[in-house]
Amino acid sequence: MSSIDRSPARGVYLTIALVGLAIVVVPLLAWLSANGLDVQLALDELTATGMTLAAFLDLIGAAVAVLALVWFERRDLEVPHLWLPVLVTCTISVGFGLAFYLFLREGARLRLGSSTPPTG
């Protein structure tokens, strides 16, 4: 068994990614089943109250932070398939995208023999 297979962090990140995927996809599929692909209704519901608008804008900010993390760390580690966490962050879920990136990054760190995360 390789050190990559024994990494507890990789298992945690993968679990968080899968949970992050499920907690977004399940209610989204239910909403789509009830409403179809009604973009205007989705935007109306997202901006219906100050709380939903704040949560929506917070997610946009978090997505930008994840994309910046991926962009700046791309030089430090040779993380494979960087386009995947970018794609899922922008299309599915910030939580899924971030955790999936951390899963990929942990594998790259272990392949390079690094036991500490990269800095700046």
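User: How much space lies in the largest pocket, and what makes a set of points a pocket rather than a cavity?

Analyst: About 870 Å³ of space lies in the largest pocket, a volume being the space filled by probe spheres set on grid points that are joined across faces, edges and corners. On a 1 Å grid over the protein atoms alone, a cavity is a set of points where a 1.4 Å probe fits but cannot get out, whereas a pocket is an open set with protein on both sides within 12 Å along at least five of seven lines. A residue counts as lining if it has an atom within 4 Å of a point; of the 24 residues that line this pocket, Leu28, Leu46, Phe56, Leu59 and Ile92 are the closest to its centre. The structure is a predicted model, in which local features need pLDDT of at least 70 and side-chain atom pairs count only at pLDDT 80 or more, while totals for chains, interfaces and linings use all residues. Residues are numbered from 1 along each chain as its sequence is written, and side-chain values use heavy atoms, with hydrogens and water left out.

User: Which elements give two or more residues to that lining, and how is it made up by class?

Analyst: The elements are α1 (8-35), α2 (39-46), α3, α4 and α5, and α3 gives the most, with six residues. By class the lining has 17 nonpolar, five polar and two charged residues, where Ala, Val, Leu, Ile, Met, Phe, Trp, Tyr, Cys and Pro count as nonpolar, Asp, Glu, Lys and Arg as charged, and the others, Gly among them, as polar.

User: Why are the buried residues of α4 said to line one face of the helix?

Analyst: The buried residues of helix α4 (residues 83-91) are Pro85, Val88 and Thr89, buried meaning under 20% relative accessible area, exposed over 50%, and partly exposed in between (1.4 Å probe, protein chains only). Seen down the axis of α4, they fall within an arc of 105°, so they line one face; the arc is that of the directions from the helix axis to the C-beta atoms. The face turned away from this buried side carries the exposed residues Trp83, Cys90 and Thr91. What covers the buried residues includes α3 (50-73) and α5 (94-112).

User: Why is Leu53 called partly exposed, and which residues does Leu53 touch?

Analyst: Leu53 lies in helix α3, and its relative accessible area is 32%, which is why it counts as partly exposed. Not counting residues up to four places away in sequence, Leu53 touches Leu46 and Thr47, a contact meaning heavy atoms within 4.5 Å.

User: What is said of the phi of His81, and why is His81 placed in the partly exposed class?

Analyst: His81 has a positive phi of about 55° although it is not a glycine, and its place is in the loop between α3 and α4. Its relative accessibility is 48%, so His81 counts as partly exposed. The C-alpha atoms of His81 and Leu104, 23 residues apart along the chain, are separated by 8.2 Å.

Methods. Helix = DSSP H or I, 4+ residues; strand = E, 2+ residues; numbered from the N terminus.
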